[in-house]
Amino acid sequence: MANRRDFFKSFSKPLRQTREETPLLVRPPYGKDESLFQSECPACENKACVASCDEKIIFIADDGTPTLTFRENGCTFCDACAEVCESNVLSLEHEESADYLNAVFRISLEACVAHHGVICYACKEPCIDDAILFNGMFNPVIDDERCTACGFCLSRCPTQAISFEVFPLLERVEN
């Protein structure tokens, strides 16, 4: 028999359980939409996209789909993953996602040493798109117009002041 505390806790729970949302993952470039990753990638046996990545940032998530990690490197948009993808989930024809990844990067003002008067260009030096701008010698900001979310800055920051937010891949509107 349930005790009084359990009885009252039951009122704080929703009446019906809602399906847990799947967390969004950073996808390799050249992907068209999330539904292709979910339907095609788990059945792929060779996972050629992982082996093709010279930067070693593609790995297979728990759901069997490719995702990126920026712990040591970033994406150079070299085309290799798209060239080896047999199911065309990643394809050079998907021009709408050939130049960026589905994430937005931010610099924490509290954690960034440059925002506290220390000369540090650790994030700017590896930025292949010159998207990290400095106001003088200090106060770096990421220019969202230039940033491709390649991730090179993330692993280089000595204080882990750079973070990112993943957004869903946009489905291409057919005309």
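This briefing walks through the cavities, aromatic contacts and salt bridges of the structure above. Please keep in mind that the model is predicted. A search of the whole structure turns up four aromatic pairs and five salt bridges, and the cavity count comes to four at 30 Å³ or more.

**Cavities**

- The largest cavity has a volume of about 120 Å³.
- Its lining is made up of 15 residues, and those nearest the centre of this largest cavity are Cys44, Lys47, Ala48, Cys49 and Cys85.
- Sorted by class, the residues lining the largest cavity are ten nonpolar, three polar and two charged.

**Aromatic contacts: Phe70 and Phe164**

- Among the four aromatic pairs found in the whole structure is the one between Phe70 and Phe164, whose ring centres are 5.7 Å apart; the planes meet at 85 degrees, over the 60 degrees that marks the class, so this pair is edge-to-face.
- Phe70 sits in the loop between β2 (66–68) and α4 (80–84), while Phe164 belongs to strand β6 (residues 162–166), so their contact ties together parts that are 94 residues apart in sequence.
- The two partners can also be described by their accessibility: Phe70 counts as buried because its relative accessibility is 4%, under the 20% cut-off, whereas Phe164 is partly exposed at 33%.

**Aromatic contacts: Tyr121 and Phe134**

- Tyr121 and Phe134 make a tilted aromatic pair, with 4.7 Å from centre to centre and 50 degrees between the planes.
- Tyr121 is found in the loop between β3 (103–107) and β4 (132–135) and Phe134 in strand β4 itself, so this pair ties together parts that are 13 residues apart in sequence.
- Tyr121 has a relative accessible area of 29%, so this residue is partly exposed, whereas Phe134, at 16%, counts as buried.

**A charge over a ring**

- Arg27 lies over the face of Phe37, with a distance of 4.7 Å from the ring centre.

**Salt bridge between Arg106 and Asp144**

- One of the five salt bridges found in the whole structure links Arg106 with Asp144, and their closest N and O atoms are 2.9 Å apart.
- Arg106 is part of strand β3 and Asp144 of the loop between β5 (138–142) and α5 (152–156), so the bridge ties together parts that are 38 residues apart in sequence.
- Both ends fall in the partly exposed class, with Arg106 at 43% relative accessibility and Asp144 at 42%.

- Asp130 and Lys124 meet through their side chains in a salt bridge of 3.0 Å, N to O.
- Asp130 is partly exposed, with a relative accessible area of 40%, and Lys124 counts as partly exposed at 27%.
- Asp130 also meets Arg146 in a salt bridge, here at 3.8 Å from N to O.
- Since Asp130 lies in the loop between β3 and β4 and Arg146 in the loop between β5 and α5, their bridge ties together parts that are 16 residues apart in sequence.
- Arg146 counts as partly exposed, at 41% relative accessibility.
- Through shared partners, salt bridges join Lys124, Asp130, Asp143 and Arg146 into one network.

Key: Residues numbered from 1 in each chain as written. Predicted model: local features only at pLDDT ≥ 70, side-chain atom pairs only at ≥ 80, totals over all residues. Heavy atoms only, no water. 1 Å grid on protein atoms, 1.4 Å probe; cavity = no way out; pocket = protein on both sides within 12 Å on 5 of 7 lines; lining within 4 Å. Points joined across faces, edges and corners; volume = space filled by probe spheres on them. Nonpolar A, V, L, I, M, F, W, Y, C, P; charged D, E, K, R; others polar. Phe/Tyr/Trp six-rings, centres within 6.5 Å; stacked < 30°, edge-to-face > 60°. Helix = DSSP H or I, 4+ residues; strand = E, 2+ residues; numbered from the N terminus. Buried < 20%, exposed > 50% of the residue type's maximum accessible area, 1.4 Å probe, protein only. Lys NZ or Arg CZ within 6 Å of the ring centre and 35° of its normal. Salt bridge = Lys/Arg side-chain N within 4 Å of Asp/Glu carboxyl O.
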